[in-house]
Amino acid sequence: MDTSLSIRRLVKDFDGTRALKGIDLEIPSGRFVTLLGPSGCGKTTLLRSVAGISDPSSGEIWLAGRRIDGVVPERRNFGMVFQTYALFPHMSVEKNVAFGLEMRRIARAEIARRVSAALDIVGLGAFGTRLPKQLSGGQQQRVALARAIVIEPDVLLFDEPLSNLDARLRDSLRDELRVLQNKLGITSLYVTHDQSEAMALADEIVVMKDGEIVERGTPIDLYRRPAYRFTAEFLGLTNVITGEISGEECRLPWGAVRPVENAGDSDSEGIAIRPEDIAIAPTDDRADGIVEQAMFMGAATHYQVRAAGQSLRIVTTGGQTGVLAVGQPVTLTPPPVLHLLKSFRPAEEAAA
Ligand SMILES: Nc1ncnc2c1ncn2[C@@H]1O[C@H](COP(=O)(O)OP(=O)(O)OP(=O)(O)O)[C@@H](O)[C@H]1O
Ligand SMILES: [Mg+2]
């Protein structure tokens, strides 16, 4: 079934602020897309516009080739899960999940069957008669999820659904969501400002900034080959290094020379090197840098290394060799190919 979403030139003005500045976004059927960006960049506003809870100022939203931006939210057949669970406190878990189906005047036996199936899917088959207050936060959020999927929605919309949970629960529910998405294959738009959540869940990440889309891509592409410095720095830790570029090659500040994979891109904002992509080794000979700080973190060791006047982050794993001491002279081996970053310019600036 076609459940593709198409968002076209979407603009949202609140008095005085333009929260969305002409968003264009295509989401193919069954795709799980996360909207990732800092606080205030317009993620919730975009999600609410798709849900129909917020009226866009201009632009269009299409579902399966049908324009829906004039359709009331109840008739969009979208399931929604929010940061706060928004369950009815006086209703049992079953009643909460059944609510959307009762609104649709579905036969009682069919409702019972679907509610029980949805509760099984989220692992709460045995909790149907409890009240929300008799559940943990994670269980309440699973009820919210059951309520969203029980209506067999065309699209699932999530707004930071895990952010009220403690870290361990957040990780386990995140993994469950991923499994569930693989099983159900419902077109999903998922808002988060947590980059590891976005990478773990998404088929595709859309990076936003100040009401605009910066760039989009698979987690691997955006992590390894971001076009913009903004993306590189938002998705995990990165070193941004000023190198001397000549033709297809770059000389790094401590002397190493490497080819640049995207040397043709103008407007260089520096070379991005992820902390795990620099190899570090102790030396008594000619050193590239000196260990300034070493933090053993269990699975990895995090270093700050001073090299040619710059402080680099370096992460090593497989701690068989122990931890290098502060003050230790080291050699640095950069990755075989370097990647150049551009600076993101807002659309209005680019047009001017
Ligand atoms: N009801 C409103 N009235 C006026 N301005 C609003 C309203 N809702 C949002 N805004 C503004 O629109 C912009 C985008 O807000 P939005 O809530 O979409 O951001 P967000 O990316 O979801 O941020 P967060 O990560 O903090 O949830 C912000 O500048 C915000 O102040
Ligand atoms: Mg928000």
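## A helix-to-ligand tour

Start with helices α2 and α4: they run roughly parallel to each other. That label covers angles under 35 degrees, with over 145 counting as roughly antiparallel, 65 to 115 as roughly perpendicular and the rest as oblique. Helices (H or I, at least four residues) and strands (E, at least two) are DSSP runs, numbered from the N terminus.

Before you click on, note that this is a predicted model, where local features need pLDDT of at least 70 and side-chain atom pairs count only at pLDDT 80 or more, while totals for chains, interfaces and linings use all residues. Residues are numbered from 1 along each chain as its sequence is written, and chains are lettered from A and ligands numbered from 1 in the order in which they are written.

**Stop 1: α2 and α4.** Select 93-103 (α2) and 137-149 (α4); the angle is about 30 degrees and the axes are 8 Å apart. Axes here are lines fitted to C-alpha atoms, for helices over the stretch in contact, and angles run from 0 to 180 degrees between N-to-C directions. Show Val93, Asn96, Val97 and Gly100 of α2 against Val143, Ala146 and Arg147 of α4; contact means C-beta atoms, placed from the backbone, within 7 Å. These contact residues split into four nonpolar, two polar and one charged. Ala, Val, Leu, Ile, Met, Phe, Trp, Tyr, Cys and Pro count as nonpolar, Asp, Glu, Lys and Arg as charged, and the others, Gly among them, as polar.

**Stop 2: α2 and α3.** On α2, pick Glu94, Val97, Ala98, Leu101 and Glu102; on α3, pick Ile111, Arg114, Val115, Ala118 and Leu119. This contact has seven nonpolar, no polar and three charged residues.

**Stop 3: ligand 1.** Now select ligand 1 and its surroundings, including Phe14, Ser39, Lys43, Thr44 and His193 (C-beta atom, placed from the backbone, within 6 Å). Which helix gives the most to this shell? α1 does, with three residues. The shell has three nonpolar, eight polar and one charged residues.

How values were computed
Two residues are in contact if their C-beta atoms, placed from the backbone, lie within 7 Å.
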